[in-house]
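Reader: Please pick one part of this model and take me through it slowly. I'd like to see how it sits against its surroundings.

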Amino acid sequence: MSEKVIAINHLQKKFGKFLALKDVTFEVKKGEVFGFIGPNGAGKSTTIRTLLGILRASGGTATIFGKDVWQDAVQIHKRLAYVPGDVYLWPNLTGGEIIDLFLKLNHQQHNARTDELIKQFELDPSKKTRTYSKGNRQKVALIAAFSTDADLYIFDEPTSGLDPLNEEIFQKQVLALKQDGKSILLSSHILSEVEHMCDRIGIIREGRLIETGTLNEMRHLTRTLITVQTQSSLPDLRNYNGIHDFKLAKDVINKASFSVDSDKMGAVMTLLAPLSITALQSTPPTLEDLFLRYYQNDEHGDDHHEI
Ligand SMILES: Nc1ncnc2c1ncn2[C@@H]1O[C@H](COP(=O)(O)OP(=O)(O)O)[C@@H](O)[C@H]1O
Ligand SMILES: [Mg+2]
């Protein structure tokens, strides 16, 4: 049994009359990178701020290391490093001074790793932070977090101000933490930014956690694109269960393209096999496709549970 580092059950958060979190349930296991994905305003930061004991939940439960996030916040914070999406710094201190201050506040010290990270992220630590761009402010918080020895790292959209090169460094550092057996919660509204790093992802929409699983499990929920050519004549499969968007090629006979529900793939292949396949191309769905479907459902108000 893998140990739960974060366990959230039916979490709710009200701001006045507005229910920002309606039902959020997921867990983060020890040693895993969990991607917390959802569009802007879905409730990612609210969930994270509740986990940090900054906000008090209106309903449900949330624990970190088996401790209540509100009651035991002080104890929890000793083993946790956090980087918010918008990093505010003291403008009159230098980046280096603030990194050291963050480390001290976490009962840590400036160490060799800190210097290495400053080099990697190419931060000039001698400048006052009032001169820093958003990306540089984020780097300050990231460098402090990555050189903190914690058990759990929480990053709330940490790469929104970073250029691609620094984003890559961020990803490498996250994977290094994972290799050290640390647990990581990483939020983003852009799936492809976090896709490579995450063992599992949870999708939040309008204050509800609507889907959790490994990337492969998520892919199973989507359709694969097939282009096929056969020797025998190809029947019209428009109404075949599990097949969508069936189109016969105009210029070539017995050639068609369509998409297939992943769980109907076996049945469709069995159907095609006796037709003497001469060419077959299968394009697996990207997670971006899956994500798009959720967003589309968002706009059209479809029932997402069907997916
Ligand atoms: N302090 C607050 N007071 C009132 N509403 C808030 C507050 N913080 C967040 N919200 C609202 O809660 C919803 C979720 O916000 P947030 O958690 O920041 O989303 P995300 O981080 O996924 O972009 C949004 O509609 C936002 O406007
Ligand atoms: Mg947010």
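Author: Start with helix 5, which passes helix 6 in a left-handed crossing (the near helix is turned anticlockwise from the far one by less than a right angle). Helices here are DSSP runs of H or I, at least four residues, and strands are runs of E, at least two, numbered from the N terminus. This is a predicted model, where local features need pLDDT of at least 70, side-chain atom pairs need 80 or more, and totals for chains, interfaces and linings use all residues. Residues count from 1 along each chain as written, chains are lettered from A and ligands numbered from 1 in written order, and side-chain values use heavy atoms, without hydrogens and water.

Back to our pair: helix 6 covers residues 164-179, and its axis comes within 11 Å of the helix 5 axis, crossing at roughly 20°. Because of that angle, helix 5 counts as roughly parallel to helix 6 (under 35 degrees).

Of its 16 lining residues, Y82, P84, F102, N106 and A141 lie nearest the centre. What classes make up the lining of the largest pocket? You'll find 12 nonpolar, 3 polar and 1 charged residues there. Lining residues have an atom within 4 Å of a point of the pocket, an open set on a 1 Å grid with protein on both sides within 12 Å along at least five of seven lines, where a 1.4 Å probe fits.

Conventions:
Nonpolar A, V, L, I, M, F, W, Y, C, P; charged D, E, K, R; others polar. Axes fitted to C-alpha atoms, helices over the stretch in contact; angles between N-to-C directions. Parallel < 35°, antiparallel > 145°, perpendicular 65-115°, else oblique.
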